[in-house]
Structures are given as structure tokens and as C-alpha cells.
Amino acid sequence: MPLISERGEPSRPGRSLKTAGEALEALRILGAAVQGLTADELAVRLHKSTSTARYLLNTLCQQGFAFRGPHGARYWLRVSPPWGHPWGGSAAAEHDPPGLLTDAVAELYGRTRQRTYLARPADGAIWITDARGHQGLARVPGATDRIPHQQAHALAVTKAIVALSPELQERVREECGFSAFTGATITHPDRFDQELAQVRLRGFALNREEFAPGFCCIAAPIIDPSGRAAASLGMSMPHRRFALHSAEHIHTLVDIAAEASRQWRDDRTGGTGDGRARPPVAGGGERAAETA
């Protein structure tokens with residue numbers, strides 16, 4: 001019996017659309033390109049003309065599978081396909097991250113006794129979803145739990161996430177405006193790109209009195225099992241303490257963020273890591289934060 005198409009017409013088994021195959025091959029190549037691709041580079045890989053490669057890339061962008069980078073020449077695969085959850089994942093994987101991230105915020109506070117934060121991107125902004133700090137510990141003036149993209153260039157917890165997300169970087173550049181909050185604020189897009197490149201190189205982000213005079217911040221990305229920068233772990237402190245203790249605080253912060261990323265990956269994949277138990281949180285975590 002011949003196969004019947006959706007239009008009620010006989011179809012031949014094994015037939016395929018050449019253009020669809022080319023689009024899927026372009027999608028596969030783009031997904032493997034960590035640094036993105038230009039139309040010229042994709043044309044070489046597909047053995048097609050540059051114009052054909054550009055048409056394919058534009059189609060992927062229009063359908064929500066890809067996007068053009070900040071300067072327009074390179075294309076990247078979007079973090080999530082049009083149906084919402086990450087590539088290779090499921091909707092269930094998008095639930096709240098494990099409690100180990102809360103533990104990481106508490107551990108950072110316990111080891112540094114500075115105000116600590118967990119930030120996550122959602123709904124067109126970066127949100128502070130957890131914070132620790134004892135009474136009397138100064139807060140960054142003007143900072144709220146919702147950090148709009150218009151402030152992302154001036155805070156470490158946002159830089160740490162944006163630096164590892166080309167899609168979010170593009171959105172921030174479009175919406176930011178690069179307003180000056182202090183004399184130290186980055187106010188030029190090219191300078192912001194350089195700052196994000198430094199974040200990727202060093203593994204942590206800094207805010208040196210860029211949002212509020214007298215306050216500095218440090219943050220490091222937390223990578224989820226799919227490889228995304230799903231959150232950032234950060235801390236704020238007065239400038240004087242930053243000048244005296246930034247090196248040791250950066251080391252502590254990066255170590256805790258990396259351990260949280262590793263444990264999240266191991267918990268999701270069933271790995272056992274190095275088999276060592278984590279040390280207890282110094283200072284007693286949340287209860288210590290409330291009573292100190």
C-alpha cells in the first residue's frame with residue numbers, strides 16, 4: 001500500500017527535500033561552532049555560495065534557531081530552540097536549580113562574611129534569587145532584586161552571565177544605553193565587549209565602583225549541566241576592603257562557583273566527582289546570617 005501524505009496524495013518512501021537537508025546541516029554545523037560562524041565560513045563547510053549560506057543563516061534566525069552576534073558578521077545557535085527548553089534537555093530540566101546553589105551562597109558568606117548573592121537570568125532581566133548578609137552589613141545603594149539590562153554593564157553579577165551568553169550579550173547591547181552611574185562606569189559598547197572578554201579569560205567579573213561610589217563587587221558564573229551560564233555567584237564589599245582583600249576573596253569565590261557547577265553536573269549525570277564530601281559551611285549559613 002502506498003504511503004499517503006498529509007494532503008492525501010501518494011508519497012514515495014525515502015524522498016527528502018534538498019533545501020531542508022541543507023538547513024539541517026547548517027544547523028548542525030552552527031551548533032558545533034563555539035565561536036559562531038560567518039556566512040563565508042558556513043559556505044566553505046557546505047560547499048555552497050556565500051549568498052546561499054547567508055540565506056540559510058537568515059532563515060535559521062527568522063525561525064528562532066540562531067541569531068546574529070553583536071557586530072552582525074557572526075551567527076550563533078540560540079541557547080534554547082523555539083520550543084523553549086535547552087537543546088538536548090526537557091521542560092523538566094528547566095525547573096529551579098538544585099539546592100546546592102543555595103548552599104554555595106551560604107558557603108561564600110560563611111567564608112568571607114561579606115554580602116553574597118545568587119543571580120539568574122529570567123523574563124528579560126537578571127534577578128537576585130538569594131542573598132546573605134548579617135545586620136549592619138552595607139548594601140549596594142540603588143541595587144534591587146531585579147536588575148534590568150540597562151544596568152547590566154555596571155554590575156559584576158550580570159557581567160559574569162552576559163560574558164558567556166552571546167545571545168544575552170546582544171540583547172544587553174541593544175537595550176543597555178550605557179548610562180554612567182559613576183565616573184568609573186563603562187559607557188561605550190566596545191569597551192564593554194573588552195570587559196566581557198576579560199571575564200571569559202579570567203573566569204570572574206569585577207565591578208570597581210561602577211554602579212555606586214565606594215562599593216565593589218566580584219562574581220563568577222555557575223555553569224549548568226547543558227553548558228550554559230545559568231547563574232552567577234557574587235559578593236559586594238566597600239572599596240577599602242576590596243583593595244585589601246580582593247585577591248583572597250576572588251580565589252574563594254571562583255573555587256565555590258566551580259565546585260557548585262561540578263556538583264550540579266554530577267548530580268544531573270549521576271557522576272560521583274572526586275568522592276570527597278564538601279566541608280561544612282563556616283559561620284552556620286542562613287541562621288548565622290540572621291543572628292550575627
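Author: Happy to; we will go from the whole chain to helix packing, then to the sheet and a few single residues.

Author: First, some ground rules: this is a predicted model, where local features need pLDDT of at least 70, side-chain atom pairs count only at pLDDT 80 or more, and totals for chains, interfaces and linings use all residues. Residues are numbered from 1 along each chain as its sequence is written, and side-chain values use heavy atoms, with hydrogens and water left out.

Reader: How many helices and strands does the protein chain have?

Author: The count comes to 9 helices and 10 strands. Helices (H or I, at least four residues) and strands (E, at least two) are DSSP runs, numbered from the N terminus. Of the 292 residues in the protein chain, 43% are buried. Here buried means under 20% relative accessible area, exposed means over 50%, and partly exposed is in between (1.4 Å probe, protein chains only). As for contacts with a separation of 6 or more, 56% are between residues 24 or more positions apart; contact means heavy atoms within 4.5 Å.

Reader: How should I read a pair of packed helices?

Author: Two packed helices are described by the angle between their axes and the distance between the axes. Axes are lines fitted to C-alpha atoms, for helices over the stretch in contact, and angles run from 0 to 180 degrees between N-to-C directions. In this model, helix α2 (residues 39-46) and helix α3 (residues 50-62) have axes that come within 8 Å and cross at roughly 105 degrees. The two are therefore roughly perpendicular to each other. On that scale, angles under 35 degrees count as roughly parallel, over 145 as roughly antiparallel, 65 to 115 as roughly perpendicular and the rest as oblique.

Reader: Which residues of α2 and α3 make the contact?

Author: From α2 come Ala39, Asp40, Leu42, Ala43 and Leu46, and from α3 come Thr50, Ala53, Arg54, Leu56 and Leu57. By class, the residues of this α2 and α3 contact are 7 nonpolar, 1 polar and 2 charged. Ala, Val, Leu, Ile, Met, Phe, Trp, Tyr, Cys and Pro count as nonpolar, Asp, Glu, Lys and Arg as charged, and the others, Gly among them, as polar.

Reader: At what angle do the axes of α1 and α2 cross?

Author: Helix α1 (residues 18-32) and α2 cross at roughly 120 degrees, with their axes coming within 11 Å. Glu25, Ala26 and Ile29 of α1 meet Leu42, Arg45 and Leu46 of α2. That contact has 4 nonpolar, no polar and 2 charged residues.

Reader: Is Ala26 buried or exposed?

Author: Ala26 is buried, at a relative accessible area of 0%. Leaving aside neighbours within four places in sequence, Ala26 is in contact with Leu42, Leu46, Leu56 and Leu60. The C-alpha atoms of Ala26 and Arg45 are separated by 8.7 Å, although the two are 19 residues apart along the chain. For another case, take Arg68 in strand β3 (residues 66-68): its relative accessibility is 41%, so Arg68 counts as partly exposed.

Reader: Now the sheet. In what order do the strands run?

Author: The rule first: two strands pair if DSSP finds at least two bridges between them. Here 6 strands form an open sheet in the order β7-β6-β5-β10-β9-β8, with antiparallel pairing. β7 (146-148) and β8 stand at the edges with a single partner strand each, so one side of each is left without a neighbour in the sheet. The twist averages 25 degrees from one strand to the next.

Reader: How many bridges join β9 and β10?

Author: β9 and strand β10 (residues 229-238) pair over 9 bridges in the antiparallel sense, and Ala220 stands opposite Leu233 in β10. These strands form a hairpin with 5 residues between them, and Gly227 in the turn has a positive phi of about 95 degrees. In β10, 9 of the 10 residues are buried, so the strand is largely enclosed by the rest of the structure.

Reader: And where does Thr112 lie?

Author: Thr112 lies in helix α4, and at 4% relative accessibility Thr112 counts as buried. Not counting residues up to four places away in sequence, Thr112 touches Met235, Arg241, His249 and Thr252.
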